[in-house]
Amino acid sequence: MNSIKKNKSWTLEVGNWKRFFNIHISIFVLIASVFILFSCKSEIKDNSDKFKIGVFEIPAGDGYGKTTITRIDSLQIEEYEKIISVSNDSTISEKRIKHIDTLYIKWKNNFFYTLRMKSPKKEMDKDPIYVQITKVTDTSYDFTAKIGFSKFKQDGTVFKVK
């Protein structure tokens with residue numbers, strides 16, 4: 001009988017230790033989660049509204065010159081140069097074609113907005129562009145853009161000029 005009592009006692013002590021350990025782990029995870037949530041939220045919240053109106057730039061990329069963006073109310077006007085290589089018999093030159101696009105911008109929240117071409121020229125231009133802001137600094141934000149439900153995805157950085 002004594003051996004049975006000892007086993008029950010030991011089982012009770014192990015069970016109490018497990019509950020004690022689980023409670024402390026749960027409290028630690030909860031405190032860490034709250035800390036992470038508040039530290040991220042305050043950093044981003046302070047800077048997000050200032051990108052809704054103003055003049056912005058996207059640096060030159062593959063096949064494009066610098067893009068200047070002007071946002072006024074629900075409109076976004078983009079000015080950029082498309083760079084095309086032109087070759088003839090003996091030379092290869094670069095041709096720059098200036099483009100100005102007007103888009104409607106609709107903000108879902110401070111970190112997600114949708115763009116739609118005001119006057120689409122191609123079938124692809126009819127699809128909305130979904131933009132998610134992924135990182136915010138004092139003068140810029142990083143973004144990921146996706147056209148419609150296609151697999152096309154582009155990452156970039158927008159800098160605030162004015």
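The model is predicted: local features need pLDDT of at least 70, side-chain atom pairs count only at pLDDT 80 or more, and totals for chains, interfaces and linings use all residues. Residues are numbered from 1 along each chain as its sequence is written, and side-chain values use heavy atoms, with hydrogens and water left out.

**Exercise 1. Trace the barrel.**

Task: Find the order in which the strands close into a barrel, then follow the pairing from E3 to E7.

Solution. 
- Step 1. Two strands pair if DSSP finds at least two bridges between them. Strands of a sheet pair through backbone hydrogen bonds, either parallel or antiparallel.
- Step 2. Eight strands close the barrel in the order E1-E2-E3-E4-E5-E6-E7-E8, with antiparallel pairing. From one strand to the next, the twist averages 35 degrees; axes are lines fitted to C-alpha atoms, and angles run from 0 to 180 degrees between N-to-C directions.
- Step 3. E3 and E4 share 13 antiparallel bridges. Leu75 has Tyr104 in E4 as its bridge partner. A hairpin of four residues joins the two strands.
- Step 4. E4 and E5 run antiparallel, joined by six bridges. Ile105 faces Leu115 in E5, and Asn109 stands opposite Phe112 in E5. Two residues lie between these strands in their hairpin.
- Step 5. E5 and E6 are antiparallel, with four bridges. Leu115 has Ile129 in E6 as its bridge partner.
- Step 6. E6 and E7 pair antiparallel over seven bridges. Here Ile129 stands opposite Ile147 in E7.

**Exercise 2. Describe the largest pocket.**

Task: Give the volume of the largest pocket, then work out what lines it.

Solution. 
- Step 1. On a 1 Å grid over the protein atoms alone, a pocket is an open set of points where a 1.4 Å probe fits, with protein on both sides within 12 Å along at least five of seven lines; lining residues have an atom within 4 Å of a point.
- Step 2. A volume is the space filled by probe spheres set on the points. The largest pocket holds about 1100 Å³.
- Step 3. Its lining has 38 residues, and Tyr64, Glu78, Tyr80, Ile129 and Gln154 lie nearest the centre.
- Step 4. Assign strands. E2 (67-72), E3 (75-87), E4 (92-109), E5 (112-117), E6 (129-136), E7 (140-147) and E8 (153-160) each supply at least two lining residues. E8 gives the largest share, five residues.
- Step 5. Sort the lining by class: 19 nonpolar, nine polar and 10 charged. Asp, Glu, Lys and Arg count as charged; Ala, Val, Leu, Ile, Met, Phe, Trp, Tyr, Cys and Pro as nonpolar; the others, Gly among them, as polar.
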